[in-house]
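Have the structure open and follow along.

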Amino acid sequence: MDKANKVWTDKHVKSTLPKRKATSHKGSYGTALLVAGTKDMPGAALLAGLGAMRSGVGKLVVATDAEAVAMIVSRLPEATFLADGLKHIAQRQTSIDTYRAAAIGPGTEPDDVTEKAIHVLLESQMPVVLDAGAISDRSYLTRQSPIILTPHLAEFSRITGVEIDALQENRAEYAAIWSKSLGVTIVLKGPNTVISFPDGQTWLNPTGNSALAKGGSGDTLTGMILGMLCCHSNWQQAVLNAVYLHGACADEWVLTRSAHTMLAHEVSDLLPVVWARFET
């Protein structure tokens, strides 16, 4: 781990996780919008949705293909659904004014419809998380509200033009450079995930292991970031805590089980116990 950068520790997590007030209600923790999944990739929406619902949000709306809704609802009955929501958002046929935060990209295609929907979301004042199919080479400098990109190395290489080998050798340095250049927060996934904010802060995450090296782990993280953006008052702490707890769930798994065997949805299953340890 690069000692030149700050490390987000368990002490930081304990001091910044939000308290759930006895007098609160679902509206206290906001409504999140998750734009994810297609009829061919409904699991991405489900994994991100589970991550969001486990991470403190009051209500969740999942915008996904109509065919995907029937596949998801039995596993995520707590959410509501906007059928063919990607198209409706792209065509400005539905309002996004009531949401506290949004995430887009898991299981979506990087096509013109996705790009138009991203443009609509970026016109809002809420934090927006961009993952997977929403990570493309574009400019963000006119936006004041938080934008969080969650690339893995190959996606980061694609949008920066920097070779993967060079990025691997200097992950924190490149994340910091491009975070400032683009005016976005970059969550560069991998061992010791790098979280770099456009104000110059760069943090390294100490949790996580090879159990997360499996399809769907990133979708779950996107959902967790989305949920924590809704229940935290400080959006930077929301991002840092989501990354930390995502990795901490994987660390919990390998205490008694093989890293080979964890499935992405089991991160969300482990989160209630892992999170509770930081509230004592």
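Let's start with Gly107, which counts as buried because its relative accessibility is 8%; buried means under 20% relative accessible area, exposed means over 50%, and partly exposed is in between (1.4 Å probe, protein chains only). You'll find Gly107 in the loop between β5 (101-104) and α5. Helices here are DSSP runs of H or I with at least four residues, strands are runs of E with at least two, and both are numbered from the N terminus. Leaving out residues up to four places away in sequence, Gly107 touches Gly37, Thr38, Met41 and Ala44, where contact means heavy atoms within 4.5 Å.

A quick word on ground rules: this is a predicted model, where local features need pLDDT of at least 70 and side-chain atom pairs count only at pLDDT 80 or more, while totals for chains, interfaces and linings use all residues. Residues are numbered from 1 along each chain as its sequence is written, and side-chain values use heavy atoms, with hydrogens and water left out.

Which residues does UniProt list as "binding site"? The unreviewed entry gives Ala44, Gly107, His152 and Asp219. From this set, His152 and Asp219 are in the lining of the largest pocket. UniProt positions follow the numbering used here, feature names are shortened, and annotations may be inferred rather than shown by experiment. As for the pocket, the search runs on a 1 Å grid over the protein atoms alone: a pocket is an open set of points where a 1.4 Å probe fits, with protein on both sides within 12 Å along at least five of seven lines, and lining residues have an atom within 4 Å of a point.

His152 sits in the loop between β7 (147-149) and α6 (153-160). Is His152 buried or partly exposed? It counts as partly exposed, because its relative accessibility is 36%. Not counting residues up to four places away in sequence, His152 touches Leu188 and Lys189.

## The sheet and the annotated domain

Now zoom out. The 10 strands make an open sheet with mixed pairing, in the order β1-β10-β9-β8-β7-β6-β5-β2-β3-β4. The edges are β1 and β4 (80-83), each pairing on one side only; two strands pair if DSSP finds at least two bridges between them. β2 and β3 run parallel and are joined by five bridges, and Leu33 has Val61 in β3 as its bridge partner.

UniProt, again in an unreviewed entry, places "domain: YjeF C-terminal" at residues 9-278. That stretch is 43% helix and 13% strand, and its end C-alpha atoms are 11 Å apart. Thr9 is in the loop between β1 (6-7) and α1 (10-16), and Thr9 is partly exposed because its relative accessible area is 27%. Thr9 and Pro206 are 197 residues apart in sequence, but 7.2 Å apart in space, C-alpha to C-alpha.

## Two nonpolar cores

How many residues are in the largest nonpolar core? There are 55, and Leu34, Leu60, Leu76, Leu226, Leu229 and Leu245 have the most contacts inside it. α10 (235-253) is among the elements that give two or more residues to this core, as are β2 (31-35), β3 (59-64) and α9 (217-231). The largest share, 11 residues, comes from α10. A nonpolar core here is a set of buried Ala, Val, Leu, Ile, Met, Phe, Trp, Tyr and Cys residues joined through side-chain atoms within 4.5 Å.

## A few residues worth a click

Ser268 lies in helix α11 and is buried, because its relative accessible area is 2%. Leaving aside neighbours within four places in sequence, Ser124 is in contact with Ile96, Arg143 and Ser145.

Finally, check the backbone at two spots. Arg92, in the loop between α4 (85-90) and β5, has a positive phi near 60° in a residue other than glycine. Ala132, in the loop between β6 and β7, has a positive phi near 50°.
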